[in-house]
Amino acid sequence: MRRVYIPSSLRQLVVERSRQRCEYCQMPEEHCADIFELEHVVAHAKGGETTADNLAFACPSCNRRKGARSNATYLDAQTGRRVPLFNPRSQQWTRHFDWSDDCTKVIGRTATGRATVDALNMNRTAMCNLRRAWYAVGVHPAQTN
Ligand SMILES: [Zn+2]
């Protein structure tokens, strides 16, 4: 994947807007060893522009799993329909996702939410274990919007 230059002022806007959490899985950057990335909601390779309206702050795992598939549709196992992935620029996280009762898993509330949880593998074991630890020390879940 070709690197795209993103001006520091634009980077800062995207990072601050996200409150330094992955806009897909809500992982807080401050509690992770990984350096988060700016990703194109509509992939740059597919004509997505490097603008505030098309950039999201993402953990490396969500960014890699999503990759250039941003325009694709994904199968929702519950309805059998193909639906678009969650778009953090045009959709609200809390409409499409919620936390499990123990706050370790992201639950898709809509077909788009369920397909996105599956496509980005948001509930992999390591993530659930991290959320359990963060919950125990009171830093998870953060306020979502
Ligand atoms: Zn993520």
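Biologist: What makes glutamate 37 and arginine 64 a salt bridge?

Modeller: A salt bridge is a side-chain nitrogen of Lys or Arg within 4 Å of a carboxyl oxygen of Asp or Glu. For glutamate 37 and arginine 64 the closest N and O atoms are 3.8 Å apart, so the pair is within the cut-off. The two residues come from distant parts of the chain: glutamate 37 sits in strand β1 and arginine 64 in helix α2 (residues 60-66), 27 residues apart. Before we go on: this is a predicted model, where local features need pLDDT of at least 70 and side-chain atom pairs count only at pLDDT 80 or more, while totals for chains, interfaces and linings use all residues. Residues are numbered from 1 along each chain as its sequence is written, and side-chain values use heavy atoms, with hydrogens and water left out.

Biologist: How many salt bridges does the structure hold?

Modeller: There are 3 of them. One joins arginine 89 to glutamate 23, with the closest N and O atoms 2.8 Å apart. That pair spans distant parts of the chain, 66 residues apart: arginine 89 is in the loop between β4 (82-84) and α3 (93-96), and glutamate 23 is in the loop between α1 (8-18) and β1 (37-40). Arginine 89 has 23% relative accessibility, so it counts as partly exposed, whereas glutamate 23, at 9%, is buried. Another salt bridge joins glutamate 39 to lysine 66, at 2.9 Å between the closest N and O atoms. Here too distant parts are linked, strand β1 through glutamate 39 and helix α2 through lysine 66, 27 residues apart. Glutamate 39 and lysine 66 are both buried.

Biologist: What makes the arrangement around the zinc ion tetrahedral?

Modeller: Start with the donors, which are N, O and S atoms within 2.8 Å of the metal; water is not among the atoms, so sites may look incomplete. The SG atoms of Cys22, Cys25, Cys59 and Cys62 coordinate the zinc ion at 2.3 to 2.4 Å. Four donors count as tetrahedral if all angles lie between 85 and 135 degrees. The angles here run from 102 to 115 degrees, so the arrangement is tetrahedral. The ideal angle for four tetrahedral donors is 109.5 degrees. Along the chain, the donors follow the spacing C-x2-C-x33-C-x2-C.

Biologist: How do you know that cysteine 59 and cysteine 62 are buried?

Modeller: Cysteine 59 has 1% relative accessibility, so it counts as buried. Cysteine 62 gets that label because its value is 0%.

Biologist: Which residues touch the most other members of the largest nonpolar core?

Modeller: Cys22, Tyr24, Met27 and Met122 do, in a core of 29 residues. Elements giving two or more residues to this core are α1, β2 (55-58), β5 (97-99) and α5 (125-136). The biggest share comes from β2, with 4 residues. A nonpolar core is a set of buried Ala, Val, Leu, Ile, Met, Phe, Trp, Tyr and Cys residues joined through side-chain atoms within 4.5 Å.

Biologist: Why is the pair of phenylalanine 86 and phenylalanine 97 called edge-to-face?

Modeller: Rings of Phe, Tyr and Trp (its six-membered ring) pair if their centres lie within 6.5 Å; planes under 30 degrees apart count as stacked, over 60 as edge-to-face and the rest as tilted. The structure holds 5 aromatic pairs. In the one between phenylalanine 86 and phenylalanine 97, the centres are 5.1 Å apart and the planes form 80 degrees, hence edge-to-face. Phenylalanine 86 lies in the loop between β4 and α3 and phenylalanine 97 in strand β5, so parts 11 residues apart in sequence are tied together. Tryptophan 93 and phenylalanine 97 also pair, at 5.1 Å centre to centre, but with 35 degrees between the planes they are tilted. One aromatic cluster takes in Tyr24, Phe86, Trp93, Phe97 and Trp99.

Conventions. Buried means under 20% relative accessible area, exposed over 50%, partly exposed in between (1.4 Å probe, protein chains only). Donors are N, O and S atoms within 2.8 Å of the metal (3.2 Å for Na, K and Ca); water is not among the atoms, so sites may look incomplete. Four donors count as tetrahedral if all angles lie between 85 and 135 degrees; four count as square planar and six as octahedral if opposite donors are over 155 degrees apart and all others between 65 and 115; anything else is irregular.
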